[in-house]
Amino acid sequence: AGPAAPGYEQIDALNSQRNRQERSHRTKAALASGFVGRETELDAIRRWCLDAGKTENRLQTLHISGLPGIGKSFLLERCLQMLRAADPQLILVRLDFDRSVLRVDRPGALFSEITRQVGDERPLAAKRLHAARLRQVEAERDAPSLATEAPRDLLNALDEELKDSSVTVVFVLDTLEALRAQGETHIRRLFEHLDLLNELIAPTIRVISAGRAEALALEAKRIG
């Protein structure tokens with residue numbers, strides 16, 4: 001099926017709706033064994049994400065730390081489920097840094113993933129955000145040096161689609177120790193990219209992160 005096929009214009013929106021449903025199913029499956037307790041932590045996360053207004057300062061994160069196997073990812077899954085139920089208009093962007101494609105030294109790749117997930121959250125914007133990602137790929141192919149620069153086309157696309165200041169965008173940063181292992185400055189650069197986005201778009205941005213305690217050792221000032 002090509003551009004002339006009936007319904008072609010709806011493909012991106014339909015794919016976004018499918019991706020969102022699949023994420024919801026994965027969360028339910030992860031929590032199928034039941035989630036008991038930790039009400040204090042869950043309430044703190046809810047208040048951190050939903051009760052604060054937009055900050056004009058550098059972004060900070062509510063950081064969930066601990067050794068492997070203590071249930072950080074399980075708690076995150078419950079947080080996502082809880083936040084989505086509390087505010088259906090919330091935009092959730094989850095960045096898991098044990099995925100090699102998420103490279104903060106290549107901002108185009110990072111913001112391409114962000115626009116993809118925003119498109120999943122806002123299916124009516126998916127086609128336009130997809131077009132912006134294609135333009136970014138073409139621009140980097142024609143001028144490889146652009147790969148290390150702020151992707152203005154993607155940032156402008158996010159600015160255009162996220163005009164509602166009453167909306168909250170929650171970034172969930174998982175396995176930050178994997179990002180730090182890529183380079184000592186990578187955590188700082190990640191937050192600088194998010195600061196840039198925060199300056200540009202109207203919605204409130206809140207950040208939750210998870211990883212071993214040492215993951216944010218060099219950026220402790222980012223912990224809220």
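Leu75 sits in helix α3. Keep in mind that this is a predicted model. Is Leu75 buried or exposed? Leu75 is buried, with a relative accessible area of 2%. Now look for Leu42. Leu42 and Leu75 are 33 residues apart in sequence. In space, their C-alpha atoms are 8.2 Å apart.

Next, the helix itself. Helix α3 covers residues 72-86. What does helix α3 lie across? The answer is β1, β2, β3 and β4. Against β2, helix α3 runs at about 165 degrees.

That brings us to the sheet. Strands of a sheet pair through backbone hydrogen bonds, and the pairing can be parallel or antiparallel. Here, 4 strands form an open sheet, and the pairing is parallel. In what order do the strands stand? Going across, read β1, then β4, then β3, then β2. Which strands are at the edges? They are β1, residues 61-65, and β2, residues 91-96. Each edge strand pairs on one side only. On average, neighbouring strands of this sheet are turned by 15 degrees against each other, ignoring direction.

Let's go to β3, residues 168-174. On one side, β3 pairs with β2. That pairing is parallel and has 6 bridges.

The landmark here is Val172, opposite Ile208 in β4.

How many residues of β3 are buried? It is 7 of the 7, so β3 is largely enclosed by the rest of the structure. Look at which way the side chains go. Thr168, Val170, Val172 and Asp174 point one way. Val169, Phe171 and Leu173 point the other way. Residues in both groups are buried.

On to the cysteines. A disulfide is a covalent bond between the sulfur atoms of two cysteines. How many disulfides does a search of the whole structure find? It finds 0. Take Cys49, which is in no disulfide. The nearest cysteine sulfur belongs to Cys79, 7.6 Å away.

Now the rings. A search of the whole structure for aromatic pairs finds 0. But find Trp48. What sits over the ring of Trp48? It is the charged end of Arg206, 4.2 Å from the ring centre.

Last, step back to the whole chain. The chain has 8 helices and 4 strands. What pattern do they follow along the sequence? It reads α-α-β-α-β-α-α-α-β-α-α-β. The chain has 224 residues, and 44% of them count as buried. One more number, on contacts.

Notes. Residues are numbered from 1 along each chain as its sequence is written. This is a predicted model: local features need pLDDT of at least 70, side-chain atom pairs count only at pLDDT 80 or more; totals for chains, interfaces and linings use all residues. Side-chain values use heavy atoms; hydrogens and water are left out. Rings of Phe, Tyr and Trp (its six-membered ring) pair if their centres lie within 6.5 Å; planes under 30 degrees apart count as stacked, over 60 as edge-to-face and the rest as tilted. A charge sits over a ring if NZ of Lys or CZ of Arg is within 6 Å of the ring centre and within 35 degrees of the ring normal. A disulfide is a pair of cysteine sulfur atoms within 2.5 Å. Two strands pair if DSSP finds at least two bridges between them. Helices (H or I, at least four residues) and strands (E, at least two) are DSSP runs, numbered from the N terminus. Axes are lines fitted to C-alpha atoms, for helices over the stretch in contact, and angles run from 0 to 180 degrees between N-to-C directions. Contact means heavy atoms within 4.5 Å. Buried means under 20% relative accessible area, exposed over 50%, partly exposed in between (1.4 Å probe, protein chains only).
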